[in-house]
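Good morning, and thank you for coming.

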Amino acid sequence: MVAAPARFSDLPDYAFPRLRKLLDAHPPGGDPVLMAIGEPTHPMPPFVADVLRESVEEFRPYPPNEGAPDLLEAIGAWLGRRYGVRLGPERLLVLNGTREGLYNAAMALCPETKGGRRPAVLIPNPFYQAYMVAALSVGAEPVFVPATAETGHLPDYGALPADLLDRAALAYVCSPANPQGAVADRAWWLRLLALAERHDFIVLADECYAEIWRDAPPDGVLAAAAEAGADPERVFAFHSLSKRSNLAGLRSGFVAGGEKGIAAMRRLRAYAGAPLPLPLQRVAARAWADEDHVDASRALYRQKYAIADEELGGLPGYEPPAAGFFLWLRTGDGEAAALRLWREAGVRVLPGAYLGRDDGRGNPGADRVRVALVAPCDEVRRGLRLIRERL
Ligand SMILES: Cc1ncc(COP(=O)(O)O)c(C=O)c1O
């Protein structure tokens with residue numbers, strides 16, 4: 001019998017099976033309020049069915065690997081409107097959602113060695129779990145860097161030892177951050193880009209929550225890179241329709257970056273990727289070209305931010321998020337808190353530890369729970385009120 005690969009032996013179960021194991025042996029202590037999974041439930045854009053109907057014949061051919069020209073054009077135009085950057089199709093690659101792109105970027109861009117040593121991949125802690133599996137898959141060392149209240153909920157890569165930074169090949173960043181809701185501003189991005197230049201690593205910026213914000217649109221790495229005149233081959237930004245357009249089931253996103261790096265990813269996809277079916281690419285093109293449905297969805301999230309402020313404002317464990325749709329509540333033991341909320345009130349939240357990793361200094365999510373504000377407003381209010389009463 002061939003042995004299973006050791007590089008994944010240390011992998012914990014994914015967060016949601018772990019949550020089921022924790023909670024499902026217990027009946028909910030009330031009418032359930034689901035606040036664990038970050039799955040948008042706001043209305044889909046109104047044009048989805050029409051576009052699908054018009055393009056249904058296009059399920060017949062194989063879809064283009066690099067993305068249909070009209071989709072690439074719509075994405076390029078959106079990047080221009082949103083960030084003031086102009087990128088042609090050679091700098092864009094269409095993805096089946098950002099998760100696979102965040103994973104495959106490491107496949108395409110991480111070298112076997114750096115300076116003769118095993119490369120490091122820098123990962124914020126807590127983090128979206130695909131980053132870690134990507135690093136392990138390419139045989140790199142995942143290095144977990146605290147993104148806690150002390151560091152403004154973003155990783156302070158500049159504080160790492162120079163020797164480790166020299167070994168870094170890739171650095172993942174999530175802004176707006178899941179789960180913390182923190183946003184990297186222009187100065188933060190510029191510092192990171194200078195660090196990447198100094199130590200020769202690539203920045204992989206996961207910006208899939210960029211369109212869900214409270215007061216001002218979050219800055220993006222591409223705009224900062226343009227200001228800094230950064231080497232485009234160091235900078236890759238990932239965007240998705242899952243959150244922006246409430247189309248998680250469409251599986252559509254893109255990566256924008258340097259022409260050579262994009263070509264490397266495209267080449268790998270030609271061998272091993274699964275391009276998005278053409279009718280779905282047509283829907284995606286319409287979605288990137290439309291802002292009305294995005295504004296409407298953002299207005300609903302703004303109501304939920306206000307509800308969170310009303311229900312939880314003043315509690316020491318509550319920090320209003322700048323963007324995204326999660327609360328990262330400090331509760332003391334997060335697993336115990338999640339279990340209590342479920343058993344006593346039927347409120348389902350995710351223990352923060354399931355999103356973090358013990359880096360030797362403890363798991364930075366251990367004393368938190370993540371609360372997703374995806375349900376309708378009255379449900380969100382009911383859930384938050386129960387959380388306030390119980391915790
Ligand atoms: C931080 C982060 N990155 C990436 C993704 C993947 O999104 P998708 O593959 O739907 O674009 C998610 C989804 O929950 C996420 O929270």
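The lining of the second largest cavity comprises five nonpolar, two polar and two charged residues. Please bear in mind throughout that this model is predicted. The residues in question are Leu93, Leu95, Glu100, Gly101, Asn104, Ala108, Met265, Leu268 and Arg269. Two or more of them come from each of β2 (92-95), α4 and α10 (259-272). Helix α4 is the main contributor to the lining of this second largest cavity, with four residues.

How many cavities of 30 Å³ or more does the structure hold? There are three. The largest cavity contains about 50 Å³ of space, and its lining has eight nonpolar and three polar residues but no charged ones.

The largest pocket has a volume of about 560 Å³. Its lining consists of 26 residues, and those closest to the centre are Tyr14, Gly38, Arg99, Tyr128 and Lys243. By class, the lining of the largest pocket divides into 13 nonpolar, seven polar and six charged residues. At least two lining residues are supplied by each of α1 (15-23), α4 (98-109) and α9 (241-244). Here too, α4 gives the most, with three residues.

I close with the packing itself. In soluble globular proteins, nonpolar side chains tend to be buried together. In this model, the largest nonpolar core has 58 residues, of which Leu79, Tyr157, Trp189, Phe201, Val221 and Leu222 touch the most other members. The greatest contribution to this core is made by helix α3 (residues 69-83), with seven residues. Another core, of 35 residues, lies apart from it and includes Trp328, Leu341, Val371 and Leu386.

Which residues are in contact with Trp189, leaving aside neighbours within four places in sequence? They are Val173, Ser175, Ala184, Ala205, Glu207, Asp219, Gly220, Val221 and Ala224.

Key:
Residues are numbered from 1 along each chain as its sequence is written. This is a predicted model: local features need pLDDT of at least 70, side-chain atom pairs count only at pLDDT 80 or more; totals for chains, interfaces and linings use all residues. Side-chain values use heavy atoms; hydrogens and water are left out. On a 1 Å grid over the protein atoms alone, a cavity is a set of points where a 1.4 Å probe fits but cannot get out, and a pocket is an open set with protein on both sides within 12 Å along at least five of seven lines; lining residues have an atom within 4 Å of a point. Grid points are joined across faces, edges and corners, and a volume is the space filled by probe spheres set on the points. Ala, Val, Leu, Ile, Met, Phe, Trp, Tyr, Cys and Pro count as nonpolar, Asp, Glu, Lys and Arg as charged, and the others, Gly among them, as polar. A nonpolar core is a set of buried Ala, Val, Leu, Ile, Met, Phe, Trp, Tyr and Cys residues joined through side-chain atoms within 4.5 Å. Buried means under 20% relative accessible area, exposed over 50%, partly exposed in between (1.4 Å probe, protein chains only). Contact means heavy atoms within 4.5 Å.
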